[in-house]
Amino acid sequence: MAANPTTENKTKENPARKITTYDLVIGLLAIFSLIILIPLTFGNLQQSTYDVLNGLEIGLCLIFLFDFFRNLFRAQKKWRYFLKGGGWLDLLGSLPFSTFAIFRVARLFRVVRVMRTLRASDFRTILTRRLAQSTLLFTLVVALLLVFLISGIVLYAEKGAPHANILTYPEAIWWAFVTITTVGYGDYYPVTTLGRSMAVILMFFGLGIIGVLSSYLSSTFISFQSRRREARETGKENDEANEKDEDDSTSRDAELAAIREELAALRKLFEEHYQTQ
């Protein structure tokens, strides 16, 4: 019975549609970039705050531009991806130029594309394969999002408080990085209840980052050691197999030599027998 062409096409397309950890991270960054665009476009920001957010936005543009070229390189039919697969939207939303800032709204297409193709089996695959790498990547991305979001909340809470020392967004960003890395210089600190609550969240998350990083390094080292051990065992098995083959070859050569000697002796007997006749 002939296979259904439609079924075959779906089977071929399914592997390309599987969502990976990388796709989920790009989707999270796209959502984050859309959130940043709101105050950049409509907010009445201080120049220092605008500079920080705009610099972050340019960095995200470069990440999305890399993602566009990666998808273009991996696409089997490049023009189909560019024209029908939304590649042109990915490109427009990735250009790090203020002239094309309006087209950055096209990043919403990345989020929609991830949500449309996301399945429960993708989460199972991510959790069962490369769990350490996925956890580390997600932790770092969420930490980045927390730093910039909590910085804005703390700045909002601290700005009008008496004796406050976090008065600008760059100062809030610096404080958040120092807090989440558990360094705690103490040059900037929150004085309000809301600000201190946000600090507690960053502290606990910073401890989680250290734990995840330690676990990742440990699992990577153990995996490396296991691969080296397997390689040594495989090498020993190959050496034993080669020695066995050499022994077999030596025994075959000896048997062939003995057979040749016997044949030569028989030939000599036949020649002597016919000569006597």
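What you're looking at is a predicted model, where local features need pLDDT of at least 70, side-chain atom pairs count only at pLDDT 80 or more, and totals for chains, interfaces and linings use all residues. Residues are numbered from 1 along each chain as its sequence is written, and side-chain values use heavy atoms, with hydrogens and water left out.

The protein has 10 helices and zero strands, taking helices as DSSP runs of H or I of at least four residues, strands as E runs of at least two, both numbered from the N terminus. Of its 277 residues, 27% are buried, meaning under 20% relative accessible area with a 1.4 Å probe, protein chains only. Take contacts (heavy atoms within 4.5 Å) between residues at least 6 apart in sequence: 64% of them join residues at least 24 apart.

Now find α6, residues 108–117, whose buried residues are Arg110, Val111 and Val114. Looking down the axis of α6, these fall within an arc of 100 degrees (taken from the directions from the helix axis to the C-beta atoms), so they line one face of the helix. They pack against α2 (21–42), α3 (47–74) and α5 (87–92).

Next, α2 and α3 themselves. Their axes come within 10 Å and cross at roughly 145 degrees; axes are lines fitted to C-alpha atoms over the stretch in contact, with angles running from 0 to 180 degrees between N-to-C directions. The contact includes Phe32 and Ile36 of α2, and Leu60 and Phe64 of α3.

Note on methods
Buried < 20%, exposed > 50% of the residue type's maximum accessible area, 1.4 Å probe, protein only.
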